[in-house]
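User: I'm new to this one and would like a close look at a single part. Could you pick a strand and walk me through what surrounds it?

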Amino acid sequence: MSGLIVVGTDGSTSATAAVAWAADDAFRMRAPLRIVTAVHRQPDDASRFAAPDLHDALAMAGGEFLAEAEATVRSRQPDVEVTTQLIEGNPVAVLREQANDATEIVLGSRGLGGHAGAVLGSVPLHVAGHAHCPVVVVRPEQNVPHREIVVGIEDSEADDAALGYGFEQGRLRGSRLRAVHAWQLPVHASGISYDMNEVRASRTQVAADRLAPWRKRYPEVPNVEDVRCADPVEALADASMHCDLIVVGSHGRGAILSMLLGSVSRGVLHNARCAVAVVRT
């Protein structure tokens with residue numbers, strides 16, 4: 001048994017998909033699963049409801065969400081050790097606190113405080129930007145299994161964390177790993193002559209060098225380099241149509257969200273068609 005997987009639920013369709021994903025991953029990892037619901041009263045609720053009545057109603061609804069999620073886990077993966085927690089507080093703060101004990105946090109792409117029409121809710125975006133463990137964001141419209149994991153690499157220290165997580169997922173799932181390295185010519189390249197074969201060979205070598213130590217560590221995981229001259233977000237969004245999980249690294253630098261979660265990570269979270277794991281260095 002290794003670590004602890006935490007999944008957040010609010011009873012939404014997206015959260016139910018996250019619970020199912022977390023149950024399967026807990027089974028593969030032989031890890032216990034904790035289901036968490038945050039009970040949080042918005043400031044404008046105070047004028048419409050008496051505090052005790054609202055608290056009781058929210059707590060009752062939260063308890064129902066947890067019971068439904070636990071039933072889903074026990075039906076789907078009966079061998080997984082599962083516990084539930086109803087916690088009062090802002091969902092982002094609650095889940096970031098949970099990350100201190102977790103090997104992995106799993107969230108739905110919508111719900112948990114996000115707007116129903118949003119491509120990505122605000123809670124998963126903020127948790128992914130601040131949590132110190134991998135955060136997996138699951139979409140309810142998950143595709144049929146493709147038995148492939150995609151890892152985005154960019155020639156930085158964030159690659160190692162992402163590749164480590166991706167290769168382990170590949171081992172646990174018996175899946176192939178595809179390392180996507182998308183590169184673009186500099187924006188100021190107009191009028192400059194480039195030997196495209198040479199540039200492509202250089203980028204291919206970068207990918208091979210990044211993969212080399214992980215290939216030795218995980219010889220049982222089949223893998224392939226996918227080097228493209230393309231926008232990284234577009235390349236990974238395209239790859240997400242044919243895989244089960246996209247893994248991206250996050251540098252974890254700075255004090256604000258836009259620095260903690262890079263533009264590629266944010267873009268992939270918004271545009272991918274499958275689950276996305278954000279892994280901090």
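Analyst: Let's look at strand β10, which is covered on both faces: A275, A277 and V279 are buried on one side, and V276, V278 and R280 are buried on the other. Buried here means under 20% relative accessible area, while exposed is over 50% and partly exposed is in between (1.4 Å probe, protein chains only). Helices (H or I, at least four residues) and strands (E, at least two) are DSSP runs, numbered from the N terminus.

A quick word on the background: this is a predicted model, where local features need pLDDT of at least 70, side-chain atom pairs count only at pLDDT 80 or more, and totals for chains, interfaces and linings use all residues. Residues are numbered from 1 along each chain as its sequence is written, and side-chain values use heavy atoms, with hydrogens and water left out.

Back to the strand. β10 spans residues 275-280, and six of the six are buried, so the rest of the structure largely encloses it.

Now for its partners. Two strands pair if DSSP finds at least two bridges between them. β10 pairs with strand β5 (residues 135-138) in the antiparallel sense, over three bridges. In that pairing, V278 of β10 has V135 standing opposite. Strand β9 (residues 245-250) runs parallel to β10, and six bridges join them. There, A277 of β10 stands opposite V247.

β9 also leads us to a helix: it is among the elements that cover the buried residues of α7, along with β6 (148-152), β7 (176-183), β8 (223-229) and α9 (263-271). Those buried residues of α7 (residues 232-239) are V233, A235, L236, A237 and A239.

Technical notes. Contact = heavy atoms within 4.5 Å.
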